[in-house]
Amino acid sequence: QRCWLNPVSRVVCSETELSSMEEGIPAMSSKGSVLLDEVLEQIGIGAFQYRLLWLCGLGFSASAVEIVLTAFLLPELRKDWAVNEYQLGMLPTIVSLGKVLGELFWGPVADACGRRGTFTATVIVVVIFGSASALAPNIYWLTGLRFMAGFGLGGIISIDFAMFLEFLPTPGRGTFLLFMQVFWPVGQISCTLMAWAIIPSLGWRCFVVFCALPCLMTAFFRPFMPESPRWLVLYGRNAEATEVCRRVAAINGKQPEDVGLPDGVQVTLEAAPLNVSQGGGRGGDPKGGTLSTLKFILAPSLMFTNLGLLIFMAGLEAVTYGLLTMMPTMLEMKGATAGENVYSTMSVVALAQIPGCAIAMLIGGSYGRLLPMCCFLALTGSGFIGFACATTATAAEVSILVGSMFCESSWALVHTYVPEVFPTELRASAIGLTSAAASVAGGLIPMLVAYSVQNGTVTTTCLTMGFFSIACAFAATGLLHIETLNRDLDDHLEEKM
């Protein structure tokens with residue numbers, strides 16, 4: 001009268017338990033275990049997942065606000081402090097450096113110490129140093145404070161999607177991850193509207209303070225989010241993970257028995273009987289940390305995936321910097337906007353990202369992640385080339401709207417693909433390391449743009465970014481080969497090797 005698990009067949013039961021399987025309830029014994037993926041599928045999508053979407057989405061929107069605000073700071077600093085283009089170019093470069101270090105630092109911390117507490121810490125760092133930026137007396141203080149804000153932002157971006165992903169069942173997982181991407185243009189639009197309303201009347205310092213409020217709201221709500229059950233099981237804390245799953249099921253209107261968790265049954269990631277006396281799982285033997293992350297990168301089965309993601313995200317970072325940070329300056333140099341028209345044009349550019357998310361949901365949910373996201377990056381580069389070659393203000397604006405739409409489609413799919421392709425024990429570390437490597441490449445772009453603005457060669461810069469992103473898209477197409485559509489998450493590095 002028992003049920004056991006093995007690597008070949010995920011669930012093997014005695015004949016007396018077949019009836020429970022036929023009813024769609026995961027098989028288990030009175031003192032046994034059940035796979036976490038099976039439980040999550042039975043819990044399904046419900047009230048808890050929608051709450052989680054709003055909580056994680058708020059953090060993602062807050063990240064967008066903090067990153068986009070630099071675009072509106074640069075013109076104001078140019079006027080108030082009379083700094084040159086190279087000094088201005090150092091600001092986003094140093095912020096990118098802080099983001100790189102944050103991605104490298106917070107990812108392993110989240111893998112070792114948990115998602116929930118680490119994410120709250122990153123948000124608090126952004127609130128403190130982001131709001132303190134308003135008191136900066138000169139460009140050097142401002143750069144240092146924004147560096148620390150970028151350090152916190154690197155953690156938010158690394159952890160947010162990983163935590164959200166680990167509460168989702170395989171059916172519907174991709175759709176929900178793509179839904180979360182909508183919060184980025186919401187944050188970007190919010191930042192643009194705040195700049196439009198605040199900077200002309202109150203100045204850029206008040207604007208910076210208001211931009212820190214979304215992160216403050218996120219810090220307030222995040223303690224209400226439970227720890228990831230997948231991470232808990234990985235560290236041998238099966239009882240806690242089981243209790244989290246029961247609470248999630250209750251919020252979704254289901255009893256523990258409905259999802260395969262009656263008294264005496266615990267969740268596990270292992271395809272083997274659970275030893276409750278030892279805590280189950282791996283007994284706290286995850287591989288998070290710098291050395292293990294390097295081992296992960298060198299794993300033969302993921303070598304092409306990591307190289308492909310590095311190249312893809314370097315191209316995407318380059319065009320994103322052009323769209324988010326330097327676009328107001330580039331639009332003015334092309335004669336497309338002047339004065340407050342910059343705010344209205346940037347609002348429209350941000351709005352164009354929402355249909356980009358819709359396109360990603362439609363195509364990514366039906367045809368996979370890999371080929372569509374590479375095609376979208378190439379189309380983004382084509383928009384930059386069109387912008388560079390435009391001879392009228394209307395043509396320039398239309399080109400950049402197209403580029404903005406497909407850039408968001410690219411980000412939507414890569415933010416879905418990256419957490420899905422990495423195993424749980426190294427997910428946050430690997431996301432952070434991949435993002436950091438791409439940010440290093442993207443961090444070189446500000447100085448190139450500063451040179452072009454100083455010498456009036458913005459057309460050449462746009463052409464360079466456009467062709468560079470297209471080349472990255474083609475290279476990534478040849479390297480990326482693991483499709484994650486409708487694929488269960490891996491939890492251990494060995495499953496990838």
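**Close-up views of a predicted model**

**Figure 1. Surroundings of Arg-369.** Leaving aside residues up to four places away in sequence, Arg-369 touches Gly-174, Gly-364, Leu-413, Thr-416, Tyr-417, Glu-420, Glu-483, Thr-484 and Leu-485. The model shown here and in the other views is predicted. Arg-369 belongs to the loop that runs between α17 (353-367) and α18 (370-389). Its relative accessibility is 2%, and because buried means under 20%, Arg-369 counts as buried.

**Figure 2. The largest cavity.** Two cavities of 30 Å³ or more are found when the whole structure is searched. The largest cavity has a volume of about 580 Å³. Its lining comprises 35 residues, of which Ile-67, Lys-99, Glu-317, Thr-320 and Trp-411 are the closest to the centre. Two or more lining residues come from each of α3 (47-80), α4 (85-113), α6 (139-165), α8 (183-202), α14 (303-324), α19 (393-421) and α20 (427-443).

**Figure 3. Composition of the cavity lining.** By residue class, the lining of the largest cavity consists of 17 nonpolar, 13 polar and five charged residues. The element that gives the most to this lining is α19, with eight residues.

**Figure 4. The largest nonpolar core.** This core contains 86 residues, and Phe-72, Phe-164, Phe-207 and Val-267 are those with the most contacts inside it. Helix α3 gives the most to the core, contributing 17 residues. In soluble globular proteins, nonpolar side chains tend to be buried together.

Figure 5. Apart from residues up to four places away in sequence, Phe-207 touches Leu-69, Phe-72, Cys-191, Met-194, Ala-195, Ile-198 and Ile-199. Phe-72, one of these residues, is also listed with Phe-207 among those with the most contacts inside the largest nonpolar core.

**Figure 6. Confidence along the chain.** The average pLDDT of the protein chain is 79, and 79% of the residues score at least 70. Among the elements of the chain, helix α9 (residues 204-211) has the highest mean pLDDT, 94, whereas strand β1 (residues 3-4) has the lowest, 37. Over residues 1-23 the pLDDT stays under 50, and the model has 39 contacts beyond four places in sequence for this stretch. Residues 271-288 also have a pLDDT below 50, with 46 contacts in the model beyond near neighbours in sequence.

Conventions
Residues numbered from 1 in each chain as written. Predicted model: local features only at pLDDT ≥ 70, side-chain atom pairs only at ≥ 80, totals over all residues. Heavy atoms only, no water. Helix = DSSP H or I, 4+ residues; strand = E, 2+ residues; numbered from the N terminus. Buried < 20%, exposed > 50% of the residue type's maximum accessible area, 1.4 Å probe, protein only. Contact = heavy atoms within 4.5 Å. pLDDT = per-residue confidence, 0-100. 1 Å grid on protein atoms, 1.4 Å probe; cavity = no way out; pocket = protein on both sides within 12 Å on 5 of 7 lines; lining within 4 Å. Points joined across faces, edges and corners; volume = space filled by probe spheres on them. Nonpolar A, V, L, I, M, F, W, Y, C, P; charged D, E, K, R; others polar. Core = buried A, V, L, I, M, F, W, Y, C linked by side-chain atoms within 4.5 Å.
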